[in-house]
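Me: I am new to this structure. Please show it, and then I will ask about it part by part.

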Amino acid sequence: MMRVAVVGAGPAGVRAVEVLLEAGLRPVWIDEAAEGGGRIYQRPPAPLRRDAKALYGFEAGRATALHAALEAATARAEWRPQTLAWHIRPAARRLFTLHRGHQGVVEYDAALLCTGAMDRVIPVPGWTRPGVTTLGGAQIALKAQGCGIGRRVAFLGSGPLLWLVAYQYARAGAEVAAVLDTTPFLTKLKAAPGLLRNGPVFAKGLYYTAWLRARGVRIAEGITPLAIEGDDRSNGGGDGGGVTALRWRDAAGREDSVACDAVGLGWGLKPEAQLADLAGIPFDFDARQHNWVPRRDAAGRTPVPGHYLAGDGAGIGGAEVAELAGARAALALLADAGLPVEAARVAALDRALAAQARFRAALERAFPFPAALAAALPDAALLCRCEGLTAGELRAAARAEHAPGIAPEMNRAKAFTRVGMGRCQGRVCGAAAAEILAAELGQPVEAIGRLRGQPPVKPMPIPAVEPVA
Amino acid sequence: MTAQGVTARGVAARADILVLGGGGVGCSAALHLAQRGRRVLLLERGLVGGQASGVNYGGVRQQGRNPAELPIARRSREVWGRLGALTGTDAEFSVTGHLKLARSAAEEAELVAYREVAEAHGLPLRLIGRNALHRDYPWLGPAVVAGSLAPEDGSANPRLMAPALARAARAAGAEIREHCAITDFAREEGGFVLRSAAGEEFRAPLLLNVAGFWGGAVAEAFGEAVPITPLSPNMVVTEPVRYFIEPNLGVVGGNVYLRQIPRGNVILGGGVGESEPERRWARPLPEVTMQALAHAVRLVPALAGVQVIRSWSGIDGQMPDRIPVIGPSRTTPGLFHAFGFSGHGFQLGPGLGAILAELMTEGRTDVPLDAFRIDRFHPAGGPPH
Amino acid sequence: MRLHRLRDTARPPIALTLEGKPVEALRGDTLLTALLAAGAGPLRQSEFGDGARSGFCLMGACQDCWVAVEGLGRVRACATLAEDGMAVRRG
């Protein structure tokens, strides 16, 4: 029997495994989390399981259905939770795994990577203070742990998640200090006709905003963040320099600030595509998403034979798209292996994916990535939180243009400055670092390249004893 | 005086010397040739220091070198000592000492034997017995039975060295061309004619082949093929942890080597990765990485549990006898080679650049190079067919 | 940084220690939640002198919340369930 490895148990992975099981295969299914569900439908540890409605709001139906499918599929697949796929060798068709400190190898005939996404971050002076998290992190604290990231939380950024998380916090009884959107209202308005293609999603967005306004939550659009301020006297002890306020400049150029003890920030999502990178799949810059995305066709086939991609790890599309894409990529995998697939099912998925793509395009227009904001990070501000590197240090490496030894592209900048070289491998600062370097060199961001992936995908401990060969 | 370089298609850029390859050796040669008043044009198909010079372990090590290499290594160590004055940066060169470790009586005997070789070349080494070793370096594991310390050795940051030399070479008047891949090699009346993929033409009476692994193809283009193979070091770095390993560590047999930088990261290597030189792709092998980690943790047990955050490789050229090809071509007057460093080029590079500059401008050098001659692989004489 | 418990607080209590000092938490907490809801942060200091860290992404990506647990070694606090009796150290 063909051995298929599926990495990731979010919406894409679940639907992919479901299709593979239907075809009579028993895939090896790897996920880092204990319970699966991915980030959006992350399942809380057992003692925290409340009813789905309270956890997921409008998404409750989808979440419940996905969890049911996950439950059924884990029982039938070769399910390996709490397992990190830290490297892949496509030529040898081997995945290298780490499970609770133990090394393992998975041999496969075909691999389907559904590795998801994380928040796209723009550093703001003070962003490394304890109390500042990503929007996704703020949401996980609430959904999976029943906690707010503080007592009085300000939300900053742009995109649908900004409003959703603020709404969820307010509903849960947290004090929302402010919602600060860097996108001007007019930009969003212009994209409204396209957003109406997906009426329910658009309506939800309007609903969250209106709900927050109606409750008197402070809202500002088209703002420029200036700094996250904190209590530096306590640095190193107590709250460790925790957050006290968020300062910004409004659309009219006036400075303003709000007192808060936590900040959630984020500007859309970016693919967690490290494994695709290590698999040798080429990347292209998607100008609309403003992200580097691994190359694949509409069905999820990549230029590396036997390797498929689905979900946000293959380019941001959201949970609904991920479910469709997971099933579609699994069907492509089956068809390529000469196994029977139902043509009508393939066609239906293709139609649904195409419709979603049109909506997604409007969404990207409504919430464009504020590249200029990322590029404007002050010299003294920390850019790379792993390596303690400032924006000014990166800019210095880019000066004296075109002399050898000067950094004309991202990987050279990394070699010289250590930007993106730390524990997170540039996941967090990479997008902003690229904007800073591109602006300093006077080049479009796609021209300066992207940080190359290097194994391991995430930190991996040196084993205490020699592993058995 | 710089080599005038803006070359429209069909208009040749002329220089006294073309340097083919922007690794440490090439950049140092360009610097030293420019300092001797020569018009130098260095051609690099990627970025300077992008392959073997930039991705290696960063050992500035004389101890354990092949005896034939020691005269170059000694000269190079002297250049390393004034790298700051030469280039404006020390490339994080730090004289930490190199401690070579034995894990058996047989390995200890090798350390003892090598000391005599080193002494003959003026390289000071200090043998350390088991008790003293574990007293001075209490973090060494029980598997270690003896050591040999080279106090003058140390390490540097490979990502910085070749670019620093290239900057200095440019400041001294050399022209450095990056992203310039040479596809045609010819020797015509009056010198060499090289053509790039973009159709540019470069001419000079002298040519220095310092193209690393790809230097083998250059030699072949001039009728002197050598048995070179790609060598891809399997390199790993950990997260920063408390700084406690001062010396650069090696072992007899070489299956692992490691050092810690004051920032706290531990850099270690061992074994070889995989590569596809035709697309300049190299990557460590996870199976090899795990073996190197196991060797490392036996040397320094405190490394258990420290997180590996990154691994990498690159492409060097390896010769069957594990020493480079250095010296004049046997087929083509005006052509000089220095490639196939078999993993030894980082330490040798800065000094060898100076030696090559001597050789190419004066026709001679005091440093014995006979062991590295290009025709040594065909004892019957003459190139193979 | 102090996490604010909003929901699901009716869970059995567990006790752990941070640098030897007792920390009260609830079953089902991650280590990050357990420590930060008790106000026991920060989780670690940047190695390069630029301040304290207490996690950022809460989804195992940013590598900001490493702590050491006796018997387990170093773990990401956001991705590790707190258990009764765990002895935790910062960093």
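Me: Which residue with a positive phi follows H10(A)?
Reply: This is a predicted model. In it, H10(A) covers residues 319-336 of chain A. The phi of the residue in question is positive, near 80°, and the residue that follows H10(A) is Gly338(A).

Me: How many of the 18 residues of H10(A) are buried?
Reply: A residue counts as buried if 20 or more other C-beta atoms lie within 10 Å of its own. H10(A) is largely enclosed by the rest of the structure, because the number of its residues that are buried is 14.

Me: Where in chain B is the pLDDT below 50?
Reply: Chain B averages a pLDDT of 94, and 95% of the residues score at least 70. The stretch below 50 has 20 contacts in the model beyond near neighbours in sequence. It is residues 1-8.

Me: Which element gives the most to the side of chain A that touches chain C?
Reply: The contact takes 50 residues from chain A and 38 residues from chain C. Elements of chain A that each supply at least two residues include strand E8 (117-119), strand E9 (132-134) and strand E10 (147-148). The element that gives the most, with six residues, is H4(A).

Me: Which residue of E1(C) stands opposite Gly148(A)?
Reply: E10(A) and strand E1 of chain C, residues 4-5, pair in the antiparallel sense over two bridges. Opposite Gly148(A) in that strand stands His4(C).

Me: How many charged residues are on the side of domain 2 of chain A that touches domain 3 of chain A?
Reply: Domain 2 covers 121-267 and domain 3 covers 371-448 of chain A. Their contact takes seven residues from domain 2 and eleven residues from domain 3. On the domain 2 side there are four nonpolar and three polar residues, and the count of charged residues is no residues at all.

Key: Residues are numbered from 1 along each chain as its sequence is written. Chains are lettered from A and ligands numbered from 1 in the order in which they are written. This is a predicted model: local features need pLDDT of at least 70, side-chain atom pairs count only at pLDDT 80 or more; totals for chains, interfaces and linings use all residues. Domain bounds come from an automatic or database domain assignment. Two residues are in contact if their C-beta atoms, placed from the backbone, lie within 7 Å. Ala, Val, Leu, Ile, Met, Phe, Trp, Tyr, Cys and Pro count as nonpolar, Asp, Glu, Lys and Arg as charged, and the others, Gly among them, as polar. Helices (H or I, at least four residues) and strands (E, at least two) are DSSP runs, numbered from the N terminus. Two strands pair if DSSP finds at least two bridges between them. The expected span of a helix is 1.5 Å times one less than its number of residues. A residue is buried if 20 or more other C-beta atoms lie within 10 Å of its own, exposed if 12 or fewer, and partly exposed in between; C-beta atoms are placed from the backbone. pLDDT is the predictor's confidence in each residue, from 0 to 100.
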